[in-house]
Amino acid sequence: MTQTAIDYAAVYQALPGMVAILTPDLVYADVNEAFLEGTGLSREELLGRYLFDVFPDNPNNPGSSGARSLHASLLRVVATGERDTMALQRYDVESQEHPGEWEERYWSPVNTPVLGSDGGVVLIVHRVEEVTELMRARDRAGIDQGRVLEAELYARARELQELNNRLRQAHARERQVALVLQEAMLPAPRQVGHHRAAVRYRPAVGALNVCGDWYDLVDLVGGHRIGVSVGDVVGHGLEAAGVMGQLRSALTAASRVAAGPAEALDVVGRYAHVVDGAESATVVTTFVDFDRHTITYSSAGHPPPVLVHRDGRVEFLDRATDPPLDALLQPSTRPEATTTFTSGSTLVLYTDGLVERRREDIDTGLFRLAESLRRHRTRDPESLADIVLLELLPPGGATDDTALIVVRL
């Protein structure tokens with residue numbers, strides 16, 4: 001069967017509904033034929049212009065809120081990367097035949113993001129259906145009935161908007177509480193003996209999927225040794241923060257008494273089976289021995305740590321990878337591997353928010369990380385951590401939270 005090439009530009013122009021393409025700055029990038037017919041404007045009058053310069057609020061109606069509501073909806077789309085369906089809106093439009101006169105119009109808008117390879121919003125699909133004639137038809141059906149129906153529609157629209165506002169406020173409060181809890185449970189940055197370490201946590205922007213990522217840095221018993229770990233709990237908000245705290249505490253305790261990182265993960269894996277919300281949690285832990293100049297590591301489904309040697313060679317510690325913490329149904333010894341380092345090398349652990357992007361192979365993100373670390377390897381850990389976040393996270397922020405720890409060996 002021969003596959004026919006589809007001219008998506010022609011399909012867009014032929015869409016029966018009014019559809020405009022906006023930039024994140026709310027400037028018209030394109031409009032379809034139905035949008036031109038519905039507004040009575042030409043393509044030249046729209047393209048390249050700011051939406052609210054073309055369609056301002058009715059200056060003769062102080063109570064008019066159509067532009068403010070639409071503006072708030074579009075900003076939510078840009079911030080969250082999620083579709084926003086608006087309630088029925090009254091949004092008056094200036095008459096084309098009689099400038100200065102405003103016509104009462106009613107609209108049902110839906111705003112949908114178009115995401116780029118980095119997960120950020122690159123365009124907004126603004127689809128709008130005019131329902132002015134429906135409102136007028138209801139009025140013609142009977143003055144009282146029409147007014148009752150109109151009042152009902154407005155009441156339902158206000159209820160929907162108020163409910164959405166309350167939900168957003170509740171989500172914002174939960175997000176803030178979860179972030180405070182996360183900050184309280186994560187260890188503060190500190191020196192590791194005479195070795196320097198930097199830690200960073202960046203919550204996802206405009207989303208609730210925060211507080212599942214964590215890091216840990218612990219002194220180990222016997223010799224000049226430390227344990228360095230990062231983990232990721234599936235989920236978000238207070239629940240994820242609580243699970244994160246339990247798993248981090250369990251790994252800290254297990255690391256202090258375990259013979260190696262694999263044994264520590266064995267213990268935490270068995271514990272994860274009885275912790276609600278720990279499903280598919282991932283973690284990687286490394287035991288650094290400064291006397292022997294070795295790093296022994298084990299991973300439970302987590303992206304590999306990176307060892308940056310002084311000469312610029314970048315080594316991914318990926319020879320001891322196993323399924324996530326609770327994935328092993330039967331008791332099994334997890335793998336571990338050992339590599340060597342020289343003084344002045346840098347160990348970097350991170351969570352997937354740093355390297356994963358929608359519709360992009362993770363190897364691309366790992367290569368980007370390796371190149372950034374190689375170029376800036378001579379920087380001190382604090383500067384290096386900041387530069388890596390700046391170069392790898394999208395300008396508007398990531399859609400997943402990110403933990404990062406940098407240790408100068």
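Guide: Take Leu366, which counts as buried because its relative accessibility is 13% (buried means under 20% relative accessible area, exposed over 50%, and partly exposed in between, with a 1.4 Å probe and protein chains only). The model is a predicted one, in which local features need pLDDT of at least 70 and side-chain atom pairs count only at pLDDT 80 or more, while totals for chains, interfaces and linings use all residues. Residues are numbered from 1 along each chain as its sequence is written, and side-chain values use heavy atoms, with hydrogens and water left out.

Leu366 sits in helix 10 (helices, H or I with at least four residues, and strands, E with at least two, are DSSP runs numbered from the N terminus). Setting aside neighbours within four places in sequence, Leu366 touches Phe316, Tyr350 and Val355 (contact means heavy atoms within 4.5 Å). Glu356 is ten residues from Leu366 along the chain, and the C-alpha atoms of the two are separated by 8.4 Å.

Now the helix around that residue. Helix 10 runs over residues 362-375, which makes 14 residues, and from its first C-alpha to its last it reaches 20 Å, close to the 20 Å expected at 1.5 Å a residue (the expected span is 1.5 Å times one less than the number of residues). At the start of helix 10, a side-chain oxygen of Asp361 comes to within 2.8 Å of the backbone nitrogen of Asp363.

Which residues of helix 10 are buried? They are Gly365, Leu366, Leu369, Ala370, Ser372 and Leu373. Viewed down the axis of helix 10, these buried residues fall within an arc of 165°, so they line one face of the helix (the arc is that of the directions from the helix axis to the C-beta atoms). The face turned away from this buried side carries Asp363 and Phe367, which are exposed.

Helix 11 deserves a separate word. Two packed helices are described by the angle between their axes and the distance between the axes. The axes of helix 10 and helix 11 come within 10 Å and cross at roughly 140° (axes are lines fitted to C-alpha atoms, for helices over the stretch in contact, and angles run from 0 to 180 degrees between N-to-C directions). The crossing of helix 10 past helix 11 is right-handed (left-handed if the near helix is turned anticlockwise from the far one by less than a right angle, right-handed if clockwise). On the helix 10 side, Gly365, Arg368, Leu369, Ser372, Leu373 and Arg375 take part in the meeting; on the helix 11 side, Leu384, Val388, Glu391 and Leu392 do. Gly365, Leu369, Ser372 and Leu373 are also among the buried residues of helix 10.

Next, the setting of the helix. The chain has eleven helices and 19 strands. Of its 409 residues, 47% count as buried. Among the contacts with a separation of 6 or more, 61% are accounted for by residues 24 or more positions apart.

Ser73, in helix 5 (residues 66-80), counts as buried because its relative accessibility is 0%. Apart from neighbours within four places in sequence, Ser73 is in contact with Asp84, Met86 and Asn111. Asp84 lies in strand 3 (residues 84-85) and, at 9% relative accessibility, counts as buried. The side chain of Asp84 makes a polar contact with the side chain of Arg76, at 3.1 Å (a pair of N or O atoms within 3.5 Å; within protein, one must be able to donate a hydrogen and the other to accept it, and residues adjacent in sequence count only if both atoms are side-chain atoms).

Thr132 is in helix 6 (residues 132-140) and is buried, with a relative accessible area of 3%. Thr132 and Trp107 are 25 residues apart in sequence, and their C-alpha atoms are 7.0 Å apart in space.

Finally, two loops. Leu26 lies between strand 1 (18-22) and strand 2 (28-31), has phi near 65°, a positive value in a residue other than glycine, and is buried at a relative accessible area of 2%. His293, between strand 12 (282-289) and strand 13 (294-300), has phi near 55°, again positive in a residue other than glycine, but is partly exposed at 29%.
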